[in-house]
Amino acid sequence: MNQLRRIPLEGCVNFRDLGGYASSLGGTTKWGVLFRADSLHRLSAADAEVLTGRLGVRTAVDLRAHDERERVGVLNPALGINEHHVGTIDRSVHSNEPPDPELKDRSFGQIYENMIHTGGERFAAAIELVADPDQWPTAFFCMAGKDRTGCLAAMILGLAGVERQDIVGDYAATAPAVPEIRERSLAELPELARVWEQFRPDIVNAPTSAMTELLGIVEDRWGGLEGYALDYGVKPQTIERLRDSFLV
């Protein structure tokens, strides 16, 4: 993994640049304009300097649920970053309620399928925000920067023509940070332990098999990530503008 990709921060352990991936459409994704992250409410003062200074982040898209924001906090408004809350209605894993019994025996990829289907319109809204170059540099995030953020990153990269193996690799790059993410998440939301134990053991990890399976499901069900995005309301011109601005 390119050393420029993971940005070392004190409060966030999974803050990464989506630049540098080759596209089948020609060129590579641009460095320094789109970032994926775990919870930005944990930013330290030094982290804030990195984001607003060196990286120049102007926009943040928070994919967490309302109850998560209320319980663990939000991005510090004093930073001057324009924040959009687009809760992606992920009741599969991140919830104070017991998980849907029908999901307990499903594969990791099928759980993700349920998430992007039930939250399809919200993911589409997030794509519209993240794909707008007038708002860049933009960072999008959830609690762990793995599930909701990982799916949205896959969508953005896929729409930009990034090859499947690189999309899977970007998702799996969360793996080294998983132990610390798990520890921090349980400290803030202890009830997650009861939710996680009802799913397959790898639910807290980032195995390549999860994203590989999801991309296969998306191909079969929607004809690919572009078909998925269009089906839930992303405008064709949004996709065109993303490709024009994100590929160099």
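This is a predicted model: local features need pLDDT of at least 70, side-chain atom pairs count only at pLDDT 80 or more; totals for chains, interfaces and linings use all residues.
Pro137 sits in the loop that runs between α4, residues 120-130, and β5, residues 138-141. Trp136 and Pro137 are joined by a cis peptide bond, and its omega is about -5°.

Helix α5 covers residues 148-159, and helix α11 covers residues 236-246. How do their axes cross? They come within 9 Å of each other and cross at roughly 80°. Angles of 65 to 115 degrees count as roughly perpendicular, and α5 and α11 are therefore described as roughly perpendicular to each other. On the α5 side, the contact is made by Ile156, Leu157 and Leu159. These residues meet Ile239, Leu242, Arg243 and Phe246 of α11. By class, this contact holds 6 nonpolar residues, no polar residues and 1 charged residue.

The second pair is α6, residues 164-172, and α9, residues 208-222. Their axes come within 8 Å, with a crossing angle of roughly 135°. The two helices are therefore oblique to each other, and the crossing of α6 past α9 is right-handed. Which residues meet here? From α6 come Arg164, Ile167, Val168, Tyr171 and Ala172. Their partners in α9 are Thr208, Ala210, Met211, Thr212, Leu215, Gly216 and Glu219. The contact of α6 with α9 is made up of 7 nonpolar, 3 polar and 2 charged residues.

I come finally to the largest pocket. How much space lies in it? The computed value is about 260 Å³. The lining consists of 17 residues, and the closest to the pocket centre are Gly158, Val162, Glu219, Gly224 and Leu225. Glu219, then, belongs to this central group and also to the α9 side of the contact with α6. Four helices, namely α5, α6, α9 and α10 (225-231), each supply at least two residues of the lining. By class, the lining of this pocket has 6 nonpolar, 6 polar and 5 charged residues.

How values were computed. Residues are numbered from 1 along each chain as its sequence is written. Side-chain values use heavy atoms; hydrogens and water are left out. On a 1 Å grid over the protein atoms alone, a cavity is a set of points where a 1.4 Å probe fits but cannot get out, and a pocket is an open set with protein on both sides within 12 Å along at least five of seven lines; lining residues have an atom within 4 Å of a point. Grid points are joined across faces, edges and corners, and a volume is the space filled by probe spheres set on the points. Ala, Val, Leu, Ile, Met, Phe, Trp, Tyr, Cys and Pro count as nonpolar, Asp, Glu, Lys and Arg as charged, and the others, Gly among them, as polar. Axes are lines fitted to C-alpha atoms, for helices over the stretch in contact, and angles run from 0 to 180 degrees between N-to-C directions. Angles under 35 degrees count as roughly parallel, over 145 as roughly antiparallel, 65 to 115 as roughly perpendicular and the rest as oblique. A crossing is left-handed if the near helix is turned anticlockwise from the far one by less than a right angle, and right-handed if clockwise. Contact means heavy atoms within 4.5 Å.
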